[in-house]
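Student: I have a structure to look at with you. Can we go through it by question and answer?

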Amino acid sequence: MAVTVSRESDSVATPTQRALKEAFYAGAIALGLFVLFIGLKTGQNMSNELVLTQRWGLLAAVVIATAVGRFLYVAYGQPFMANQKIANVATGLLPASVGSRFFTLPAFIVAVVAMVLLFVFNGSLAGWVGAEPAGYLQFLRALAVIYVLACVIYYFRAFIHANFTKLGITALVLYPILVVAVLSLNAWSIAGGLQGSLKWVDNFGIQILIYVMLAWGLNIVVGLAGLLDLGYVAFYALGAYAYALLATQYGLSFWILLPAAGCMAALWGVLLGFPVLRLRGDYLAIVTLAFGEIIRLVLINWREVTNGSAGISGIPKVSFFGLMTFNVSDPNYIAKVLHIATSSAYYKIFLYYLILGLCLLTAFVTIRLRRLPVGRAWEALREDEIACRSLGINTTTTKLTAFATGAMFGGFAGSFFAARQGFVSPESFVFLESAIILAIVVLGGMGSLVGIAVAAMVMIGGTEALRELDFLKQIFGPDFTPELYRMLLFGMAMVIVMLWKPRGFVGSREPTAFLKERRAVSSSFTKEGHG
Amino acid sequence: MAGTTLLDIKGVETYYGNIRALNGVDVTVKEGEIVALIGANGAGKSTLMMTIFGAPRARTGTITFAGTDITQLPTHEIARMRIAQSPEGRRIFPRMTVMENLQMGASLDNLKHYDEDVEKVFTLFPRLKERIAQRGGTLSGGEQQMLSIGRALMARPKLLLLDEPSLGLAPLIVKQIFDAIRELNRTQGLTVFLVEQNAFGALKLATRGYVMVNGNVTMSGTGKELLANPEVRAAYLEGGHH
């Protein structure tokens with residue numbers, strides 16, 4: 001909503017005058033944009049007639065909010081940001097950063113105390129103050145948690161930045177243990193903690209890690225080799241159905257079928273690769289998109305084998321390497337073998353570590369391959385195909401290996417998905433899934449493993465977290481279902497990230513080659529011309 | 001100096017769709033020579049260069065390299081015959097560092113001679129050593145040209161093809177590049193086939209030259225002969241830089 005102001009008035013007008021003017025324009029633009037979006041709502045009445053609901057109040061609220069927002073930004077936000085860049089004449093120092101002013105020790109202590117108190121007395125709050133204020137207090141608690149976490153991250157930012165990968169892997173390994181420990185303390189029983197951990201380990205942990213793995217797999221095709229693939233979900237579906245069918249029909253174990261599903265997906269990756277060898281960019285995208293749809297339609301229509309849209313259910317669980325199972329009725333059920341209490345959480349925690357292992361395998365393979373000739377050839381292919389050929393690189397095999405490797409990881413993730421859900425149907429493999437995986441790769445920064453993992457966490461974790469925001473019902477009324485807005489927020493987040501960081505969270509590419517004596521020095525630490 | 005024939009192009013015709021870009025071109029490059037191909041825009045110089053690499057493929061005629069018919073070989077197989085190219089527009093890998101670009105050039109031998117060859121490239125173009133960790137896309141035009149030639153040299157070529165190495169470069173840098181090519185030819189006996197619009201510089205550098213007009217080779221001779229030829233002077237040199 002940038003409003004251009006002519007030069008003369010710019011030099012004369014004070015920020016407030018300018019802000020008023022811009023607020024007026026912003027309001028006018030918002031009015032023009034939203035008069036049909038928000039001002040009028042079409043619906044059906046009982047007799048199926050079209051009815052028009054007028055929502056002028058809501059429209060006015062949106063327009064005023066836009067105008068006020070623009071006013072505050074121009075009148076206070078812009079001068080403030082400009083001041084931050086001006087050093088004090090007397091001391092020669094820049095003003096304290098917003099971060100250090102916002103995250104102060106007293107505020108941190110207050111937030112910690114508030115958070116702990118609200119957690120401890122959570123159960124009895126509703127009784128004391130009534131349901132509605134209790135909802136607001138839960139909102140306050142969420143804010144306190146966010147503030148405390150942000151404080152910790154802010155104070156250790158240098159350390160976190162320096163050791164991001166190690167810290168990240170450690171956090172992921174400890175995550176289920178921490179969740180169970182915290183929830184056990186909260187509920188004063190280990191059984192309660194295990195039960196409560198289901199949601200956190202399954203909905204957040206496993207769900208996010210599946211997408212991390214898929215995005216890392218797609219990253220090989222899109223990020224490294226530069227082949228825009230819009231049908232990646234097809235390989236995910238192939239892996240899932242390969243496991244589902246072979247496990248239900250022939251009773252084969254997950255540990256045999258996992259590599260088999262990966263190989264099958266890789267084979268299909270090669271089969272897809274052959275016809276599209278000559279295509280690049282948009283044309284390749286269209287063909288891969290069609291491929292994804294073909295696979296989905298085959299799954300729907302080949303009823304004799306795939307059971308159509310009804311899907312396949314009763315897919316066996318993964319066993320603990322054949323030693324223990326997670327079925328309560330089995331003689332070697334984990335709780336019976338280890339003489340511990342029965343709980344469904346063991347399986348989820350096991351699955352969490354399984355997918356974490358698969359993710360780390362994907363990352364390890366990607367990092368290794370980038371340093372090998374084939375990985376270098378992928379990246380060179382992304383940069384310039386003609387130059388690649390004239391350097392003696394066989395672009396055919398290079399492309400096919402990229403498709404096959406990417407598809408293989410998709411197949412692994414698919415068979416894991418089938419084992420975790422116990423049920424697969426074509427509905428899980430629609431185009432939107434491909435689009436989300438691709439969006440994660442683009443948002444994270446093509447080719448960057450860390451960036452992609454963060455993007456998956458934000459996107460998938462963020463949309464999952466929306467389901468948890470029950471307190472919003474206190475504000476927007478009981479009909480408000482936050483998860484309905486998750487695609488809207490997803491889109492908004494993408495627009496914001498792309499404006500703010502057009503190359504994704506981690507936009508710079510990490511070089512893989514250094515001179516021997518300078519192996520330790522990365523190019524990002526050396527000035528231009530001094531490397 | 002006149003060794004055996006390394007590259008022999010006979011009666012090559014290349015088409016873009018139905019349009020004939022080359023009308024039966026004959027060019028020979030002997031071992032140890034620097035051969036220049038000069039001509040105006042659209043004469044088919046770059047097409048000939050690309051045809052040697054099989055993209056686009058010659059519809060008629062044969063291209064023989066060191067006794068082997070390479071007319072129908074796929075591009076990467078041709079490159080593996082030890083023909084290296086610094087293509088038109090340089091085509092370095094912009095997001096990869098100088099180091100990585102050079103590595104890509106050495107991928108034929110799987111980096112067997114990498115350390116030794118990279119030192120040779122740095123001796124030839126010391127500027128590249130200064131820029132070693134910099135991304136290719138952030139180099140200046142001259143540095144990119146040096147990188148493109150350096151990358152081609154990493155493949156230990158028997159024949160180096162250069163497509164307009166002086167394109168868009170300042171005269172001083174052009175001189176540096178031409179000096180480097182002369183140096184390579186003199187000390188290592190590298191055979192060079194050069195396509196240029198900068199006729200004066202190219203013919204001064206070359207052992208022999210060809211003049212191309214509208215897809216035909218119209219004249220050939222030693223560099224000196226062509227420089228002295230009144231037709232060549234009228235068409236390509238008069239009013240140009242001397």
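Student: How many residues of chain A are in contact with chain B?
Tutor: Keep in mind that this is a predicted model. Contact here means C-beta atoms within 7 Å. On the chain B side, 27 residues take part. On the chain A side, the count is 27.

Student: Which helix gives the largest share of the side of chain A that touches chain B?
Tutor: Two helices of chain A, α17 (373-383) and α18 (385-390), each supply at least two residues of that side. The largest share is six residues. Those six come from α17(A).

Student: Where does the largest share of the largest nonpolar core come from?
Tutor: This core has 178 residues. Among those that touch the most other members are A:Met213, A:Ala215 and B:Leu194. The largest share is 17 residues, and its source is helix α10 (residues 190-224) of chain A.

Student: Which residues does B:Leu194 touch, leaving out those up to four places away in sequence?
Tutor: Start with the run B:Ile34, B:Val35, B:Ala36 and B:Leu37.

Student: What distance separates the centres of the two domains of chain B?
Tutor: Domain 2 covers 89-155, and domain 1 is made of 1-81, 156-169 and 187-241. Seven residues of domain 1 of chain B are in contact with ten of domain 2. Taken over C-alpha atoms, the centres are separated by 24 Å.

How values were computed. Residues are numbered from 1 along each chain as its sequence is written. Chains are lettered from A and ligands numbered from 1 in the order in which they are written. This is a predicted model: local features need pLDDT of at least 70, side-chain atom pairs count only at pLDDT 80 or more; totals for chains, interfaces and linings use all residues. Domain bounds come from an automatic or database domain assignment. Two residues are in contact if their C-beta atoms, placed from the backbone, lie within 7 Å. A nonpolar core is a set of buried Ala, Val, Leu, Ile, Met, Phe, Trp, Tyr and Cys residues joined through C-beta atoms within 7 Å. A residue is buried if 20 or more other C-beta atoms lie within 10 Å of its own, exposed if 12 or fewer, and partly exposed in between; C-beta atoms are placed from the backbone. Helices (H or I, at least four residues) and strands (E, at least two) are DSSP runs, numbered from the N terminus.
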